[in-house]
Amino acid sequence: MINENDTKNLTKSVGLVSAILTVVGSLIGGGVFFKPQAIYTATGGAPGLGMFCWVIAGVITICGALTVSELAVSIPKTGGMIVYIRELYGERLSFLAGWVQVFLYFPGMIAALAVVFSEQFVILSGIEWMKIPMTLIMVGVLCFTHMLGGKKSAYIGNIATVSKIAVLAIIIVAGLAIGGGGNSITTPFVGKGVNPVVAGGQVLLAVFFVFDGWINVCALAGEMKNPSKDLSKAMVGGIGIVLFIYLAINVAYLKVLPASTLANSQSPGLAVATELFGNSAGSIIGIGIMISVFGCASAFSFTGSRVLYALAGENILPKSDKLLELNKYNAPKNSILLMCVISALFALSGQFNLLSDVAIFSIWIFIVLTFLGVFKNRKLNDVSKFKFKVPLYPIIPIIAIAAGVFVLSIQLITSTAMSIGSIAILLCGVPIYNSSLKRKMKSPISSQKSC
């Protein structure tokens, strides 16, 4: 097993309650206000499969969290998924995981959120021609803000957290209390002519976007007081709370508007708020949703630029020295700029669901690889020394792996061009990595180190 001295410099200050709150804060984002449109479009305007998949996605996420918790405790190094892949599969796959995060996942998530931010603005303002400019303005504001350092990003995060909690609470309470549409929540299961298996894969991918972020919380293990005892409890407890909130708001949505109406709404959250409170009060809720979306995009932008900065620190990417440059606020200026430029280019597509699907598809390739790593980790190390073992092994990891493979397979079949494009960008990282190895081998410093 890997030596725990790797985390000796981290302060062990995070308890169970703090860890649960971190999980909840990391998972609740802006997607829950918009993804019902994609979910109920896939089901043919029927609510049953959509609600079923919310529960299934929650169970799958819990299985995944328990699986990765074993890796997090047995490989107590800071860095999360990329570190687990490096330890179990080697530097090349670890680099490709980072490559995909930097050039597909993070910019895809930022771009998707920028698109729905601008769509929300257009709905509220009625200024249709501002959709693309507002998308680019949002990304530009993110870039400017992050150039001012981490404190400004933290302020944005705090404001967004308050906003999204307030909006969720208002819609849930009002929707459940006064939503009188009399709409069905569970029937029909799917619309006429809809294949439930294919639709189920598409819905799960959409729901995984809303649950996204859970795997990054495993990096918290190095700072927990008792990770072997509390990490799995925090993950399961936090995901359980988030699942309850998501189910509650979707029931509230459906009590106000039928699934067929939500399927045709660009902003289901705003549509429900307007139905409940009228145009003026609904617009206030809509502004709250925009703040929440901006905060989520800010978090992805901040983290993504730091992952890019860390990747540049390995001297693998072209112009790595430029990406490592800091400004007077100690912010990695060129890493931030490149992340925002890529995001802006993606955002020009104006396709929220396409961008979010690309991002989730690309990262789930490596999430499934991480799940598989539990089996390899047990072969490489003495299981009796593990301080946490995934319960019901191997059933729980197999459920997580099977679900991930199912969703990826459905996307390959139904969105072949998008899937092949994602894989192609992933594979572009291979010659970059090989080139860096050759460059390092020719370097006099590298030669001296190998002696």
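**Reading contacts, rings and helices**

Q: Leaving out residues up to four places away in sequence, which residues does Ile291 touch?
A: Ile291 touches Ile159, Ala160 and Ser163, where contact means heavy atoms within 4.5 Å. Bear in mind that this is a predicted model, where local features need pLDDT of at least 70, side-chain atom pairs count only at pLDDT 80 or more, and totals for chains, interfaces and linings use all residues. Residues are numbered from 1 along each chain as its sequence is written, and side-chain values use heavy atoms, with hydrogens and water left out.

Q: Where is Ile291 found?
A: Look in helix H11, residues 268–313. Helices are DSSP runs (H or I, at least four residues), numbered from the N terminus. The C-alpha atoms of Ile291 and Lys164 are 7.8 Å apart, although 127 residues separate the two along the chain.

Q: Why does Ile291 count as partly exposed?
A: Because its relative accessibility is 36%; buried means under 20% relative accessible area, exposed over 50%, and partly exposed in between (1.4 Å probe, protein chains only). Now try Ser436 in helix H16, residues 416–442. Ser436 has 1% relative accessibility, so Ser436 counts as buried. Setting aside neighbours within four places in sequence, Ser436 contacts Asn315 and Ile316.

Q: How many aromatic pairs does the structure hold?
A: A pair of aromatic rings is described by the distance of the centres and the angle of the planes. There are 17 aromatic pairs here. One of them joins Trp364 and Phe371, edge-to-face, at 6.0 Å centre to centre with 75° between the planes. Rings of Phe, Tyr and Trp (its six-membered ring) pair if their centres lie within 6.5 Å; planes under 30 degrees apart count as stacked, over 60 as edge-to-face and the rest as tilted. Trp364 is buried at 4% relative accessible area, and Phe371 is buried at 0%. Elsewhere, ring pairs link Phe95, Trp99, Phe103 and Tyr433 into a cluster.

Q: What are the axes of H1 and H9 doing?
A: Two packed helices are described by the angle between their axes and the distance between the axes. H1 (residues 16–27) and H9 (residues 227–256) have axes that come within 8 Å and cross at roughly 45°. Axes are lines fitted to C-alpha atoms, for helices over the stretch in contact, with angles from 0 to 180 degrees between N-to-C directions. The residues making the contact include Leu16, Ala19 and Ile20 of H1 and Asp230, Lys233 and Ala234 of H9.

How values were computed. Helices (H or I, at least four residues) and strands (E, at least two) are DSSP runs, numbered from the N terminus.
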